[in-house]
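Please read it with the structure open beside you.

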Amino acid sequence: MKSQISIENVSKVFGRHKALNNVSLEIKEGEIFALLGPNGAGKTTLISAICGLCRQSSGNIKVNNFDTLTHYKETRNQIGLVPQELPLDGFESVYNSCQFSRGLFGLKDSRDHIEKILKTLSLFDKRDEQIFGLSGGMKRRLLIAKALAHEPKILFLDEPTAGVDVSLRRDIWKLIEDQKKMGVTIILTTHYIEEAEQLADRVGIINSGEIILVKEKTALMSEFSKKTTFIRLSKKLKNLSFMKKNKKISLTENGMTLKLVGINNRSNELQSIVNLLSQNGIAFTEINTVDNSLEDIFLDLVETQ
Amino acid sequence: MNIQAAITIYKFEMARFRRTIFQSLVAPIITTSLYFVVFGAAIGSKIETINGVSYGSFIVPGLIMLYLMTESINNAAFGIYFPKFVGSIFEVLSAPVSSLEATVGYVGAAASKSTIIGLMIFLTSNLFVNHDIKYPLVMAIFIILTAITFSLFGFIIGIWAQNWEKLSIIPTLLVTPLVFLGGSFYSIDMLPEFWQKVSLLNPVFYLISGFRWSFFGTSEIPIALSIVAILSFMAICLAVIAIIFKTGYRLRT
Ligand SMILES: Nc1ncnc2c1ncn2[C@@H]1O[C@H](COP(=O)(O)OP(=O)(O)O)[C@@H](O)[C@H]1O
Ligand SMILES: [Mg+2]
């Protein structure tokens with residue numbers, strides 16, 4: 001797939017604080033890219049730099065080979081942005097607000113298009129109402145409608161489901177998938193791992209302004225989805241001197257539990273370890289195996305930084 | 001050129017004006033009427049004519065200017081401050097809109113509003129005094145130039161202000177005194193010599209004086225000087241705005 005956005009060595013400094021530290025990243029045309037990171041990681045700052053809300057201190061950003069600083073009209077034309085907060089002029093009506101968004105992109109009013117979007121987002125009944133009368137969930141949907149009003153090729157969603165209820169989250173996920181089917185490239189930021197796991201084609205993990213890792217989601221899952229097995233012992237064990245040194249095996253919980261990380265089932269590793277335990281007269285009460293989720297991978301990566 | 005964007009911003013801002021048209025127009029009309037009752041009828045009857053003009057007529061250009069300037073500043077400052085305050089400015093900043101297009105939209109709308117208010121005051125004044133405007137074209141040019149220039153100035157204030165207090169501090173502490181002391185309600189010939197000299201340092205004085213010339217054909221200073229004064233102030237405002245957008249000052253982090 002063609003690269004659509006290319007970010008080269010971008011840094012952003014606020015005073016002394018480096019919000020982005022030499023970030024390089026390619027976004028491919030038509031993909032859903034999830035930017036995953038804890039609060040304050042720099043997700044919003046990175047999006048803001050691409051969309052023109054902030055200027056990077058150094059580095060280049062290109063959208064379809066156009067530079068975002070020197071050819072901002074060409075780059076911004078392609079982009080729709082759904083911000084993290086709910087920044088809306090409450091006195092405006094829902095319909096007019098969407099019309100305003102569309103007009104800013106140089107497009108003539110299109111009642112058909114705007115009404116279609118409002119219907120998709122279940123806002124059609126509210127089209128003539130003033131924005132401040134809307135609920136929080138409706139405001140969030142309105143911001144999505146506004147971002148789609150000019151039919152963008154690239155859609156940024158900054159934490160689109162933060163603080164929304166389950167049913168709205170499902171709706172937003174569906175909308176994102178529908179947009180992808182229409183060929184729109186989607187970049188979403190989230191700190192909900194589940195969201196990235198559900199939607200993304202690729203995942204980028206950002207922490208303290210640095211991109212730690214970018215991978216296809218499936219590759220990421222399989223690479224890191226080592227199972228972890230816990231063997232609960234009947235008696236405390238001082239050390240593992242009875243067996244060959246093995247990086248995958250460690251003692252935890254004061255020697256009461258044997259932790260086996262990434263045991264390969266095909267080569268009967270677990271079986272041989274169990275055998276070894278019986279040969280040495282070490283009794284155990286329980287064997288428990290858990291899958292690593294994206295969440296564990298994420299915590300692992302962020303903590304080892 | 002994304003002309004559509006400028007038109008969109010303009011229409012959006014004018015819609016805000018329409019929503020509040022009653023407050024926007026009724027307040028100036030009532031206040032103007034009070035000025036005429038108090039200054040024109042009550043006090044004016046005790047004042048001789050100024051340069052052959054009755055006091056009631058004399059204050060009309062000053063009143064229009066007073067409103068034109070303060071309304072331009074307030075409208076333009078609010079027009080850009082409000083979206084900054086609620087955050088909705090992000091839309092304009094992330095759209096393919098140049099600084100020129102945004103300025104035309106916001107400042108154009110503010111200038112249109114204050115021009116409408118200025119005309120309403122003029123019409124109201126016709127209920128109290130009769131005038132014969134000597135140079136209607138010059139009058140129109142002055143109204144438009146003043147509306148645009150002070151809207152540009154208000155636009156700068158709106159971008160600069162980070163809270164509501166700052167938004168109103170310049171209009172109240174600087175502009176209102178300058179307008180009142182700039183000869184809105186008197187001719188500076190009526191002042192002692194020292195204060196006449198001080199008045200010449202007041203930029204607003206040149207505008208009011210020139211505007212009054214378009215009404216009566218007489219003024220304290222040559223009309224050309226007034227035109228130069230307003231054009232210079234406009235140039236300064238445009239330069240400041242260009243710098244603001246170039247550096248992203250208070251708009252882009
Ligand atoms: N305008 C700003 N001025 C100063 N610091 C900022 C500004 N915007 C963001 N930051 C800082 O940059 C870091 C990254 O913020 P942000 O991009 O909002 O993180 P995220 O969206 O991942 O939660 C944070 O430490 C934040 O405090
Ligand atoms: Mg954020």
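1. The crossing of helices H6 and H10 of chain B is left-handed, a term used when the near helix is turned anticlockwise from the far one by less than a right angle, clockwise being right-handed. The model is predicted, so local features need pLDDT of at least 70 and side-chain atom pairs count only at pLDDT 80 or more, while totals for chains, interfaces and linings use all residues. Residues are numbered from 1 along each chain as its sequence is written, chains are lettered from A and ligands numbered from 1 in the order written, and side-chain values use heavy atoms, without hydrogens or water.

2. H6(B), residues 136-160, packs against H10(B), residues 223-247, at an angle of about 30 degrees with the axes 9 Å apart; the two are therefore roughly parallel (angles under 35 degrees). Their contact comprises 22 nonpolar, three polar and no charged residues, where Ala, Val, Leu, Ile, Met, Phe, Trp, Tyr, Cys and Pro count as nonpolar, Asp, Glu, Lys and Arg as charged, and the others, Gly among them, as polar.

3. Ligand 1 lies between chains A and B, and the residues around it (a heavy atom within 4 Å) include A:Phe14, A:Lys43 and B:Thr253. H1(A) gives the most to this shell, with three residues.

4. Oxygen atoms of ligand 1 are placed 3.1 Å from a polar backbone atom of A:Ala41, 3.0 Å from one of A:Gly42, and 2.5 Å from a side-chain N or O atom of A:Thr45. Taken alone, ligand 1 exposes 560 Å², of which the protein buries 63% (Shrake-Rupley method, 1.4 Å probe).

Methods: Axes fitted to C-alpha atoms, helices over the stretch in contact; angles between N-to-C directions. Helix = DSSP H or I, 4+ residues; strand = E, 2+ residues; numbered from the N terminus. Parallel < 35°, antiparallel > 145°, perpendicular 65-115°, else oblique. Polar contact = N/O pair within 3.5 Å; in protein donor to acceptor, adjacent residues only side chain to side chain.
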